[in-house]
Amino acid sequence: MADNLDPRLTDAQLAAALVRNAGLLALNMRNRGLEALRGTATEKTNVADVVTAADTAAERYVVDQLLRCRPHDSILGEEGAAHAGTSGRTWVIDPVDGTWNFFSGSAYWCSALALAGEAPAVGPDDAAMPVAADSSAALAHDAGASLGARVSPGAGEPARDGLADAAVLLGAIFQPQEDKLWLGGSLQNATLNGEPVAVDTRQDVGLLAGVTYIHPGWLAARQTAGPWQRAARLPATLRMLGSGSCDLGRVAQAELGVWFQHSCPAWDWLPGKGIVRAAGGETGVVRVNGLDWFVAGPKGAVDAITAALADTCLGDGPVTEDLP
């Protein structure tokens with residue numbers, strides 16, 4: 001287990017240390033053997049959505065450190081962690097993003113987190129001091145209740161979000177096997193391993209690589225198949241790599257062009273959202289056929305993808321199967 005962190009660290013220093021240590025903890029557990037790791041996996045929503053002992057151990061480490069270093073902040077973790085603070089700030093944790101890749105032996109996975117809220121930054125001299133209160137408990141409840149609980153009835157209308165599309169003070173993503181650490185948010189310029197990064201300057205989506213994910217079952221649902229196919233026709237090429245946060249880090253550094261996916265929980269979206277925006281990119285959420293679609297990249301490409309998604313209503317999709 002990594003050593004305890006110093007509460008006097010700045011938020012950016014703390015975020016970087018947390019994702020690095022959590023990612024290395026998970027990697028060390030995997031290095032003991034894939035078969036042993038797979039033996040700890042349990043299914044959550046479907047066979048492709050699993051949690052392993054490494055996910056839970058990494059999340060526990062991050063939560064323990066945050067409770068020590070930022071006791072007044074709220075915490076929300078993918079694997080069930082929840083703490084209601086008083087500061088108006090919420091740490092959103094994804095201990096292992098890309099778990100299928102992780103327990104399959106791929107290097108394309110990461111540890112990610114975001115610090116969401118509008119409150120002032122916490123620094124070395126006031127790490128344990130509360131700031132102006134917001135309803136962090138309510139925010140955590142909104143995020144835990146899933147995106148579907150948010151109301152935005154019209155196809156193509158912007159989503160009316162709670163924590164799921166909150167302002168991001170800091171996003172941090174660490175991909176251990178490639179030693180890549182992305183940081184960025186309203187408190188931090190976008191960097192990769194300390195060097196500045198920026199999104200692709202080309203605005204034409206037809207010149208860019210699109211990166212996305214859609215579960216095979218959703219391709220059998222008119223509700224999602226139509227919007228996805230309309231948007232997926234626009235980029236020069238498509239990639240589906242299996243870790244949204246790794247994808248968004250690469251959008252921020254212009255290795256990938258534009259990213260889109262539906263129904264992202266806060267932990268899959270906020271870390272990368274903060275970094276992409278800090279890298280000069282645009283992000284957006286649009287509600288189509290009752291689901292929210294999340295888009296990130298250069299503004300022109302985001303506008304084109306968003307318009308394509310919003311232009312698709314029920315009946316445009318090619319299939320009629322039940323939702324997964």
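Buried residues are those with under 20% relative accessible area, exposed ones have over 50%, and partly exposed ones lie in between (1.4 Å probe, protein chains only). The legends below describe a predicted model in which local features need pLDDT of at least 70 and side-chain atom pairs count only at pLDDT 80 or more, whereas totals for chains, interfaces and linings use all residues. Residues are numbered from 1 along each chain as its sequence is written, and side-chain values use heavy atoms, with hydrogens and water left out.

**View 1. The protein as a whole.** The secondary structure comes to 9 helices and 16 strands, where helices (H or I, at least four residues) and strands (E, at least two) are DSSP runs numbered from the N terminus. Of the 324 residues in the protein, 55% are buried. Taking contact to mean heavy atoms within 4.5 Å, 70% of the contacts between residues at least 6 apart in sequence join residues at least 24 apart.

View 2. Helix α1 (residues 11-30) is mostly covered, with 16 of its 20 residues buried. The expected span of a helix is 1.5 Å times one less than its number of residues; for α1 this gives 28 Å, and its end C-alpha atoms are 28 Å apart, which agrees. A nonpolar core is a set of buried Ala, Val, Leu, Ile, Met, Phe, Trp, Tyr and Cys residues joined through side-chain atoms within 4.5 Å. In the largest such core, of 37 residues, Leu18, Val62, Leu66, Phe102 and Leu113 touch the most other members. At least two residues of this core come from each of several elements, among them α1, α3 (53-69), β5 (90-97) and β6 (110-116), and the largest share, 12 residues, is from α1. Leaving aside its neighbours within four places in sequence, Leu113 is in contact with residues including Ala15, Leu18, Val62, Trp91, Leu170 and Pro271.

**View 3. The open, mixed sheet.** The 8 strands of this open sheet follow the order β4-β3-β5-β6-β8-β9-β10-β11, with mixed pairing; two strands count as paired if DSSP finds at least two bridges between them. Because β4 (82-83) and β11 (195-196) stand at the edges with a single partner strand each, one side of each is left without a neighbour in the sheet. Strand β10 (residues 188-192) pairs with β9 in the antiparallel sense over 3 bridges, and here Trp182 stands opposite Leu192. Trp182 also belongs to a second, separate core of 35 residues, which includes Cys110, Ala209 and Val251.

View 4. Strand β12 runs parallel to β13 (residues 237-239), to which 3 bridges join it, and the bridge partner of Val211 in β13 is Arg239. A further 3 bridges join β12 to the parallel strand β14 (residues 258-262), where Phe260 stands opposite Thr212.

View 5. The 13 residues of helix α8 (residues 266-278) reach 18 Å from the first C-alpha to the last, close to the 18 Å expected at 1.5 Å a residue. Helix α8 is mostly covered, as 11 of its 13 residues are buried, among them Trp267, Asp268, Trp269 and Lys273. Just after α8, Gly280 takes a positive phi of about 90°.
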